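Q: I am new to this structure and would like to learn how to read it. Could you take me through it step by step?

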Amino acid sequence: MALCFWWLWSNLMCSKTMLRAQPITMYINKLAIRNYKNFRSSNFYFVKDSVNTIIGENASGKTNLFNAMRLILDDSLPMNSRILSNEDFYRGLSEPFGHWIIITLYFDDLSESEEEQVLANYTVNDGNDKSIKEGNYTFIYRPKFHIRQKLYELTLEDDNVEARSASFTEFVSNHIISKETYEAVAFVRTKVDLNNDEIYKQVVGDFDSYSFSNPNDDDATVLGVKKPPYFALGSEVACTYVKALRNVVADLKYYKTNPLYKLLTLKSKQIDDRKDIVENVKEINGKISAIPEIERLSNKISASLLNTVGSTYSPKILVSSQLPEDFTELIQSLGLVVEDSLDYNGSGKIDDLSLGGANLIYLALKLYEYEEIRDSEEHITHFLLIEEPEAHIHNHIQKTLFDNFNFKNTQVFVSTHSTQISSVSKISSMNILSRQKGFTDVYLSLIHI
C-alpha cells in the first residue's frame, strides 16, 4: 500500500475543512483535579467551539492533565494505566495514604437523552426540572470502607492531636493502609467543590488535626450518586488520544501502537470474507514451505534438536510460511510503504522517513482514526486530545493546524509549549501551566474568573 505522506496530510486536511463550523452537543466546561501528580488543587476551564490549548513548559503536567481526563473518558487507556498507586498522588503530600485523588469533569449543554441525564445535576424544583443542562462525573481513588472506618475510629480514640498523629503514623507503618486497601469509585451529580479545602476536610478528613469523617455519613447530596452499574461514560462518548510526537517510527512498527492496525480492524468489519484470497494464501504458504531449501533447513534443525535432547523430549520443528489465513488477520497485517512526493526514486520503509515525515503520518493516521470512529459508531460526543503536536513539524504547519481543528461534534484539546501554536490560540481558550517548587499552578484568562 503506497502512501505519500504529503498527499495524505493535504487530503486529510481538506476533508476536515468541510467539517468545520459543525456545532457540538455535550461538552466539558471545567476539570477539577485534587491530589493527582503535579496538581494539589487545580481547576481548568474549557470552551465549546474553539480549540482548548494547554500551554506549559516541560514537566509542568500537560501529560498528567490528559491522563486525568482519560481515566474518565478513554476506554482504550491501558489497564496498567488505570491502576493507581501512591506514586500517583500529589508529590507535595508528606504522606499520601489516607488522602483521596479526586478528578471531576463538569459538562454543559446536556440533552434530554437518557445517557446524558445520568450526569445531570438537578438542583432546583426537587429534581423535576428537565431543562437542566449541566452535570458532572467524579472519579475518586480512596481508601476502602473498612479503612475509612478505622480512620474514623482513630479520630474518636483520643482528644490529643499528638496521640492521634502517633496512631496514624503507626497505622501507615504497619501497612494497615496501603495501595491494596484503596479503591477506584465514580460518582455522578456531585454537589460540592472538593477542591475547596474546607469541604475536603469535611468529606475526607483534616490531616492537620488527624480527624476523619464517618464513612457511614457519606451523603448523596454531597458526593453525588454512585455511578449506576449499567452506565459507562467511556462507552457513551468517544475519546481519541494522540500522544506527543517525538519519534513514532517504533510505534508505527508495532501493531498495538500503530493506528493503522486499528483502522484496518475497523475496515475489515466492512469487507465480506474473500474465500478466494484465503485459498490463495493457503496455497502460497504451502508452496513457500515446500521449497526444497526450506524443507532441508527444517530437517537439519529437527535433526540438531533430536541429537541434543533425544527423541523423548524433542518436539517436531517445521520452518513454514506464516501468512495469516484468516481474512481479518490478513487485512490487519497490511503495512505502510512510503513514497516521498519530492523524490521519485520509488518507495521505501517507514524507517527511511525523517522524524517530521513519520510524525506527520502518525498524526494523520490518528486523526483519520478519529474520523472513522466518529462516523461509524454512535456516541453522545467526541473528545480529541492531542499532546504536543509540534515536535519535528515545520513551523508553518504548526500555525495552520488549528485552521482545520473544528471537527464535527468534537471538543478538541491540544497541549503545547510551541510559540507557533500558542501565538495562534485564542486567549479565552487557554489554560497556562507554570511549574512551582513541587507543584503546578494554573493560570486562566480573565473570562473564566
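Q: Where is Lys37 found?
A: First, some ground rules: residues are numbered from 1 along each chain as its sequence is written, and side-chain values use heavy atoms, with hydrogens and water left out. The model is predicted, so local features need pLDDT of at least 70 and side-chain atom pairs count only at pLDDT 80 or more, while totals for chains, interfaces and linings use all residues. Helices (H or I, at least four residues) and strands (E, at least two) are DSSP runs, numbered from the N terminus. Lys37 is found in the loop between β2 and β3 (39–45).

Q: Is Lys37 buried or exposed?
A: Buried means under 20% relative accessible area, exposed over 50%, and partly exposed in between (1.4 Å probe, protein chains only). Lys37 counts as buried because its relative accessibility is 16%.

Q: What is the phi of Lys37?
A: Here is the general idea: most residues other than glycine have a negative phi. Lys37 is not a glycine, yet it has a positive phi of about 55°. Asp109 is another residue other than glycine with a positive value, near 60°. Asp109 sits in the loop between β5 and α4 (114–117), and at 25% relative accessibility it counts as partly exposed.

Q: How many helices and strands does the chain have?
A: The chain has 16 helices and 17 strands. Of its 449 residues, 49% are buried.

Q: What is the average pLDDT of the chain?
A: pLDDT is the predictor's confidence in each residue, from 0 to 100. The chain averages 79, and 77% of the residues score at least 70. Over residues 1–22 the pLDDT is below 50, although this stretch has 52 contacts in the model beyond near neighbours in sequence. Where pLDDT is low, the predicted coordinates should not be read in detail.

Q: Which residues is Ile55 in contact with, leaving aside its neighbours within four places in sequence?
A: Contact means heavy atoms within 4.5 Å. With those neighbours left aside, Ile55 is in contact with Lys62, Thr416, Ser422, Met430, Asn431, Ile432 and Leu433. Ile55 belongs to strand β4 (residues 52–56) and counts as buried, at 16% relative accessibility. Ser422 is 367 residues away from Ile55 along the chain, but their C-alpha atoms are separated by 7.2 Å. Across the chain, 77% of the contacts between residues at least 6 apart in sequence join residues at least 24 apart.

Q: Where does Glu325 lie?
A: Glu325 lies in the loop between α12 (292–313) and α13 (327–332). With a relative accessible area of 36%, Glu325 is partly exposed. Not counting residues up to four places away in sequence, Glu325 touches Val278, Val281, Lys282 and Asn285.

Q: What should helix α5 span?
A: The expected span of a helix is 1.5 Å times one less than its number of residues. The 13 residues of α5 (residues 145–157) should therefore span 18 Å, and the end C-alpha atoms are 18 Å apart, which agrees. In α5, the residues Ile147, Arg148, Gln149, Leu151, Leu154 and Thr155 are buried. These buried residues pack against β6 (135–143), α6, β7 (182–188) and β9 (211–212).

Q: How many cavities of 30 Å³ or more are there?
A: On a 1 Å grid over the protein atoms alone, a cavity is a set of points where a 1.4 Å probe fits but cannot get out, and a pocket is an open set with protein on both sides within 12 Å along at least five of seven lines; lining residues have an atom within 4 Å of a point. Grid points are joined across faces, edges and corners, and a volume is the space filled by probe spheres set on the points. The count comes to two cavities. The largest holds about 80 Å³ of space, and its lining includes Arg148 and Leu151.

Q: Which element gives the most to the lining of the second largest cavity?
A: That is β5, with three residues. This cavity has a volume of about 40 Å³.
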